[in-house]
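I will then talk it through slowly, one region after another.

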Amino acid sequence: MNSKEPLLVIENLNVSYGAIRAVRNLSLHIDKGEIVCVIGANGAGKSTLMNAIMGMVKRQSGNILLEGKPLAEKSYQVVAQGVSLSPEGRKVFAPLTVYENLMMGAFPRKDRENIERDLEWVYSLFPRLQERRNQHAGTLSGGEQQMLAIGRALMSRPKLLLLDEPSLGLAPIIIKDIFKELKRINSEGVTILLVEQNAKQALMLSHRGYVLQTGEILMEGPAHELLANPEVEAAYLGTTKH
Amino acid sequence: MQTLLQQIINGLSLGSVYALIAVGYSLVYSILLFSNFAHGGFLVIGGYICYFILRTAGANIWVAGLAAMLGAGISAILTERIAYKPIRERTNITLYLLIASMGMSIVIENIFVILAGGRFRALPPVIPTKPVNVLGVATTSMFDILSLVTAVVFLGCLQLFLTRTKWGLAIRAAAYDLRVAGLMGVNVNRLVSIVFFVAGVLAAVGGIFLSARYTLYPQLGLITIKAFIAAVIGGLGSLPGAVVGSLILGLAEMLTAGFISSQMRDLVVFLLLIVTLLIRPSGLFGKEVKEKV
Amino acid sequence: MFGGYIDGIIILLCINSIAAMGVSLLTGFTGIFTLGHAGYMALGAYISSLLIIKAGFHWLAAVLLGGAGAMLIAWLVGIPTLKLMGDYYAIASIGLGEAIRLVLENWQSLTRGSRGIPGIPIYTSLPVAIIFFVVMATAMFFLLNGKYGRAFKASRDDYIAASLLGFNTAHYRVLSLAISAFYCGISGALLAGFLSFIQPIMFDMLKSTELTAVVVFGGLGSLSGTLIGTTIITLVTELFRPISQYRMLIYGAVIVLIMIFRPEGIMGQHELHPRLILNLFRKEKSQSAEGGKM
Amino acid sequence: EEVVKVGYLAALTGDWAAYGQTELKSAQLAVEEINASGALGNLKLELVPYDFRSRPEDAVNAVRRMINQDKVVAIVGANSSGVNIATAPVVNQAGVPQIGTVSTNPYVTMDESGKVRPYSFRVCFTDPYQGKLIAYFSAKDLGKLKAAILYDVSSDYSQGLREFFIKSYEDYGGKVVADLGFRGGQDVDFRAQLTEIRNSGADVLVLPNMGKEMALIMKQARELGMNDIVFVGGDGYGEFMWEIAGDAMENSYWINHVSPEDPAMQPFFEAYKKKYNDECKEFVNGILAYDAVYFLADAVKRAGKADAEAITKALAETKGLQLHHAVITMDEFHNPKDKDGVVLIAKDGKGRFYKKVRPE
Amino acid sequence: MSSYILELENVNKFFGGVHAVNDMTFSLKKGELAGLIGPNGAGKTTIFNLITGVYDCDSGHITFKGEDITGLKTYEVIRKGIARTFQNLRLFPRSTALENVMTACQQHHNYSFLEAVTHLGRWKATEREIKMESLELLEKVGLADRAYQAAGTLPYGHQRRLEIARALALKPELLLLDEPAAGMNPEEVQELNLLIKDIHKTFDLTILVIEHHMELVMEICPHVICINFGAKIADGTPTEVQNHPEVLRAYLGEEVE
Ligand SMILES: Nc1ncnc2c1ncn2[C@@H]1O[C@H](COP(=O)(O)OP(=O)(O)OP(=O)(O)O)[C@@H](O)[C@H]1O
Ligand SMILES: Nc1ncnc2c1ncn2[C@@H]1O[C@H](COP(=O)(O)OP(=O)(O)OP(=O)(O)O)[C@@H](O)[C@H]1O
Ligand SMILES: [Mg+2]
Ligand SMILES: [Mg+2]
């Protein structure tokens, strides 16, 4: 299923905030149909990387190519090119209802007739959202908002789905469900770039992984290799009872 | 009784002019969440364009009105592009926008002081002002009826647009968070431009009505303060609120002046504002979304 | 000292700065946007003038009482109205400022209405203005550098978090308003003693707007910025007096430009500090870079 | 050749910009004419105009700048009593004479203790006098004894005029049946007050206001069907009011300093039009600013030098000076003595000379 | 007086039709380290909000140190000795990390208004103390080197720790932590475990922590309460709760090891 055809290629990306160089000379690629996972400590630059792809922060230098074509610099154009992000910290539209939030996710789509169907699909992924569809998103619980953020990103039916810590604040049972769903979404042809603290589960789900440290790529490789790597194990996977 | 009816009619007619202004202001507020003090400037621009085209080019009111609406709409877009866009792209602190808008309002006012002089002008009587008798007991003018109808029609269309279309939804989403709206594929700049254009058009209509009903001069924009107050009473960002607030304000002014004391008119306006807000801190129609902690 | 004109400008600068500091406390440090503070200047001016003229007070006592009176009224008005947030308070404050002016205009038996009060003894000499300015600026700097300053900023940045840190935010909002009204009241009283004539129209919304604009211009949350801002705006308007008609246009344009190119104001959130002067005008996305290096 | 520097305090921006701009243009015209005529011998007038944004506190600094930086020997302006009262302490302390153009409040030239301000002058008549003129004309000439008054609470000019009108009107046997206020500036709608006036049965509506407000009031009154009430106003009259009020202006009366139809003023209007390609619609301000400069020039001529003290003395001694709009003699309070009031009647799109009045 | 520091008695909270907290009753002994778990939207954060007075209870009572605190204003509750962190971070983003902590720390130090405007009297010594204590706390949570960075620009995980430091600066007797480990990797969670245990010991605190990271709750909390749909479904030791069928079904998932 891994077609080896690159979907997204990043070359020598640099991003700075004032004097802080958050992403340094970073190169990575994601092939069509892959799930790629980026792990790293707090402040490693993972979110910055995601935001740079989406055009939410300014790229200082470097190229990003989507299917061989340069990726736009403005976020709305990036979305139009088929990339969508579930951002860190959820960022749901608080005063809009759950339903309206999901419809915002579908904003760039032209195929109106399929939107209803996808809405049902998202509701089936997260039944809680259906229950709460007319509640203002701002009053949802943390986990419910997270579900909404993921659902909203899915509603655009992207080629490439970016998820910044999707498991943040979710109950264990939901995390399992979500990871299972991600696998299924992926098998339906959506390529996924995932940033996770829940590194072990994320790597188990992914094909390949990158380890980020202070803005630079420290390691990369097939997910199972990283899982087995003692250094990675010690630094990022933790020795938990689970 | 007759006096009461007359004052009510006076109040409604004043209120409808406020409404035209308040709706445009509220529209901008609903998306960028700041009080655009330059709105009064768009009004003045619309008024002057209409005036000069009527006076010098001798065009008819429809042409002049259209030109004024276009002109004010485009000026509104330009104002946004020049003065607000750089700010909102940098920061989400709306206070900066508010100050910039005050600056812009000073700039626009003084451009006209220089170009057109400070003189008071009036549109030729293109809009019928002849008295119309209401039920045989009170008098109003064609003009007032027209302005009330115009306000209601514009508002109705806007309201439909906002609640029924996906662009309307996008406006409300962008109102909450511009950056994340961009993340949804909304071309935020275009969206904001559209909003400003509509606001500018509304302001021009208000400006034409104001300069025909009253007079045209560079400081005419000051009247928008009353319209702002009306919008706040109605609930910022709520278009029906803007209209209802305007009518209430118009009525309050006229009834106070008529039955209590004309000097107390503004005092009552401010009291009304404050009392309304104390009872309903986000205005009559404003939604009070309690922040979740 | 330097000839009347320069003296006059310095005095006016001191007077404006005192008022601007008041507004800076409220808007810059407590996050409450006001467009009605000229009303408190009016209160200070009228109270002190009337005390001097009608009750024969010594001017110094009258000035202080002018400030105190403005403060008292602000406090009374603030308790109910400061529940309003954001633009709601801003618009309401226009109403409050105008209401004060309206009362002054209509209470003719006491204030002579819009005809104003002439013949106020001129007591705001250069040294008086400078002394008042220095004392009040120092007090404000001191106040902000310490627990009150942090409490104000906390209620500005996130009033829910602040109350969850044990701050009675309502109390701090009212306190901030009261202090700022005191500053504006003193400033108004000094203005009365400088012009010897006051009229309600001097304290209209334009004046309020100017005060706030100056504060934003200097940098919200920076007192030294407020002072620099006041100085620049005052001097620029003086400087451009000969090109008369274009003066207000330039004034407006300057406000817009500063918002575009440096929306955080001249000083941002920073106080004047030798280290900062070097990279004052360097463009940056956020304050973090500086914060990190210090 | 010696230059006589004269400050001109003009409201070029802000609410009074329309008046201030006309004043400055007229004053400049006068200066050019006087210099060209050589009437001052080797003295040459030079105008130093500063804007004061229609704000008194700004005016104080402008005046200080004129005196201390530019070393003017006299100041003309401003067009507002409030401004002249605010600047009076400065000019009187510095000893530089200042001539108000349309500053009609008594306190412009008199301090609170009732003493004359030695360096303050004006070319217009005062509010008490104007109030009396309006009262006299309404009661005696028109025979209207039930007056309504609608004045601007926020304007010192309007408030003063109202007070003096009411005082005199009752002496002449009239009765004020409605006394209502409004706030100038933002308020543009007066129908509430007018409805009340309509109910009061007044037969004359007295308007002691600025032109914009008066025009709007008249227009709205006629719209409310108040067709019989007569309007009488003060020197706020301006030709631009026709544009706003249109037919509602017809047959209203205006007490004024001067008539625009006055043959003596026609050369001025023509010169103004020629120089600026614009009608001098705010003609009262224009003419009084113009004549204020002539008034000053006469004093300069008699003083013979660019010296503030000498000019002040000459100004105070002015007697029987023929200006364009009137003959003036300074009284002990530096007001032109017994100037006739001119009554204008608005007819056929223009303010026309109706008669002169001098109340008994 | 009971030995309980915090007691909830039949507390109910509705949001429109949502019964967010349903007849909740539980108590914490002084010095306990307890965990509060439950599925998303179960009402955990709402319970914190009720305790701290952010929301008013619709019915029921909350007692702190034997004193009824139901209906008190937020800041009054906090002053009784309760501190909390937030699920959605609520730092003062434009202030530095140090200032954030100092803002909380000053609640226990006093000088008068007069001393504040003159910088005389106790001002200098007190301000120094506040600063020193705050720096110590930053050190404790491992943020000493970030003291002067604006809080809003810290990485997410650091911001969470800064919140803990800020809450500790209030010198509370009861500390409520709302998902402190969110956004941390397992390694960092381990560090956090140690940190929580450490502060529990050194500051002699009662701690109630909401978490979805089971490796944290089960390891450090001797007392675990699990809720669902606003109602309590289990209350006991980690092992008891972990094996409670209802908890397994509703929260952990069937195949939990
Ligand atoms: N707006 C900003 N201004 C200044 N510095 C920033 C800003 N945003 C992030 N940084 C800095 O950039 C670096 C990378 O941050 P980033 O948020 O990308 O980390 P991360 O890997 O996503 O961490 P986490 O796992 O905690 O989310 C950090 O050192 C952070 O302090
Ligand atoms: N202000 C509010 N208005 C309406 N509903 C609310 C409000 N606050 C919370 N709710 C609802 O109450 C329920 C409980 O919310 P709460 O935030 O307590 O959940 P939680 O247990 O903390 O969940 P999570 O683990 O996802 O954070 C949720 O379903 C939420 O939608
Ligand atoms: Mg991150
Ligand atoms: Mg929660």
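In this predicted model, an oxygen atom of ligand 2 lies 2.6 Å from a backbone N or O atom of Gly143(A), which counts as a polar contact, meaning a pair of N or O atoms within 3.5 Å, where inside the protein one atom must be able to donate a hydrogen and the other to accept it, and residues adjacent in sequence count only if both atoms are side-chain atoms. From chain E, an N or O atom in the side chain of Thr45(E) is 2.6 Å from an oxygen atom of ligand 2, and a polar side-chain atom of Thr46(E) lies 2.5 Å from an oxygen atom of this ligand. Of the 630 Å² of accessible area that ligand 2 has on its own, the protein covers 95%, where such areas come from the Shrake-Rupley method with a 1.4 Å probe and, for residues, only the protein chains shown count as cover.

A word on conventions: residues are numbered from 1 along each chain as its sequence is written, while chains are lettered from A and ligands numbered from 1 in the order in which they are written. Because this is a predicted model, local features need pLDDT of at least 70 and side-chain atom pairs count only at pLDDT 80 or more, whereas totals for chains, interfaces and linings use all residues, and side-chain values use heavy atoms, with hydrogens and water left out.

Between which chains does ligand 2 lie? Ligand 2 lies between chains A, B and E, and there are 23 residues around it, Lys44(E) being one of those that come nearest; a residue is near if one of its heavy atoms lies within 4 Å. Helix 6 (142-154) of chain A and helix 1 of chain E each supply at least two residues of this shell, helices being DSSP runs of H or I with at least four residues and strands runs of E with at least two, numbered from the N terminus.

Let us turn to ligand 1, which lies between chains A, C and E and is surrounded by 22 residues. A polar side-chain atom of Thr48(A) lies 2.4 Å from an oxygen atom of ligand 1, an N or O atom in the side chain of Glu88(A) is 2.6 Å from an oxygen atom of the ligand, and a polar backbone atom of Gly157(E) is 3.3 Å from an oxygen atom of ligand 1. Here the protein covers 88% of the 630 Å² of accessible area that ligand 1 has on its own. Helix 1 of chain A gives the most to this shell, with 3 residues.

Finally, the sheet of chain E. It is an open sheet of 6 strands in the order 6-7-8-3-9-10, with mixed pairing, and two strands pair if DSSP finds at least two bridges between them. Why is one side of strand 6 and of strand 10 left without a neighbour in the sheet? Both stand at the edges, each with a single partner strand, so one side of each has no neighbour there. Strand 6 of chain E runs parallel to strand 7 (residues 174-178) of chain E, joined to it by 3 bridges, and Arg84(E) stands opposite Leu176(E) in strand 7 of chain E.
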